[in-house]
Amino acid sequence: MKKQDFVQRLTLGAFTACAVLFASGAQAQAVKSVGITAIVDHPALDSARKGVEDELKALGWVPGKNIKLTYQSAQGNTATAGQIARKFVGDKTDVIVAIATPSAQAAVAATKSVPVVFTAVTDPVAAKLVKAMKPSGTNVTGVSDRLPLAPQIDLLLKVKPGAKRVGYVFSPGEVNSVVVLKELKTELAKRGMTVVEAAAPRTVDIPSAIKSLVGKVDVVYTTTDNNVVSAYESMVRVATESKLPLVAADTDSVARGAIAALGMNYYDMGRQTGKMVDRILKGTKPGAIAPETGSKMSMHVNPESAAKQGVKLPEAFIKQAAEVVKTK
């Protein structure tokens, strides 16, 4: 073999080896990681997570092939939410998806560099996740589940015509619930109605909180308060025993015993969130993406629960519902 041929083959072999190494390295780099965390497990938040996962899959992100999805629940503990967020940051996760306000606050507190996409957060501004509902220029964006309150009050009055006093069970530690309480007072006052507060700082406080409203209110309204929603059945038991109508802002709560709800579709909100995550994984800076509000709302009713809570729903009202459900 001529020296020149030998050198050419040696060079070609080296080039091929480098190309193989480069290709395998590029393939390894192509696997992205997304850490998903929720403050607690309950149907609405679970639906949001499923929506994120399904949207990413629909956009070509296949677990085990080009993406690694990791999910952790804080089980209602804010300290645990902080630990989870810090773990994701330490693992150099490409994107953190934080479901519900406490988990989103924990993630934002844990990092100023890793992209954070929140979802199911009622008021991202009040929660200090972003300064306004426009591109933040930071590492944070996401989707809010904020609902207009006027239609909620319309729903209350359809379920309980002539209602004047509205009970509100909430967790004072959740900023989203406090924000809704303030707005609810304002909106109810416009109609000559009042709100009666019942604070439930812990899940175990929820039964006593709703019991404190018996005889004092005409109807009880619950929002997407994670503490309350996670233990919704305990509220339903008291409402049924006391013939106290229960109306929700979370449509998943209707199957669990609320009479009706006009709320966001959390699965669709998750898909909306998944689109944001996809853009970030493909190179868009989170600070260049304006936060959004969930775009799909629907009304669910439960005639069976209505009867148990002393209410008969008009057939015309039932026919307006997107879904008529039965208590689980």
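**View 1. The largest pocket holds about 280 Å³ of space.** This is a predicted model, in which local features need pLDDT of at least 70, side-chain atom pairs count only at pLDDT 80 or more, and totals for chains, interfaces and linings use all residues. Residues are numbered from 1 along each chain as its sequence is written, and side-chain values use heavy atoms, without hydrogens or water. A pocket is an open set of points on a 1 Å grid over the protein atoms alone, where a 1.4 Å probe fits, with protein on both sides within 12 Å along at least five of seven lines. Its volume is the space filled by probe spheres set on the points.

**View 2. The lining of the largest pocket has 17 residues.** Lining residues have an atom within 4 Å of a point. I39, G76, T78, E174 and N227 lie nearest the centre. Helix 4 (101-110) and helix 8 each supply at least two lining residues. Five are nonpolar, 11 polar and one charged; Gly counts as polar.

**View 3. Helix 2 spans residues 43-58.** Helices are DSSP runs (H or I, at least four residues), strands likewise (E, at least two). Helix 2 reaches 22 Å from first C-alpha to last, close to the 22 Å expected at 1.5 Å a residue; the expected span is 1.5 Å times one less than the number of residues. Just after helix 2, G60 takes a positive phi of about 100°.

**View 4. Helix 2 has buried and exposed residues.**

How values were computed:
Buried < 20%, exposed > 50% of the residue type's maximum accessible area, 1.4 Å probe, protein only.
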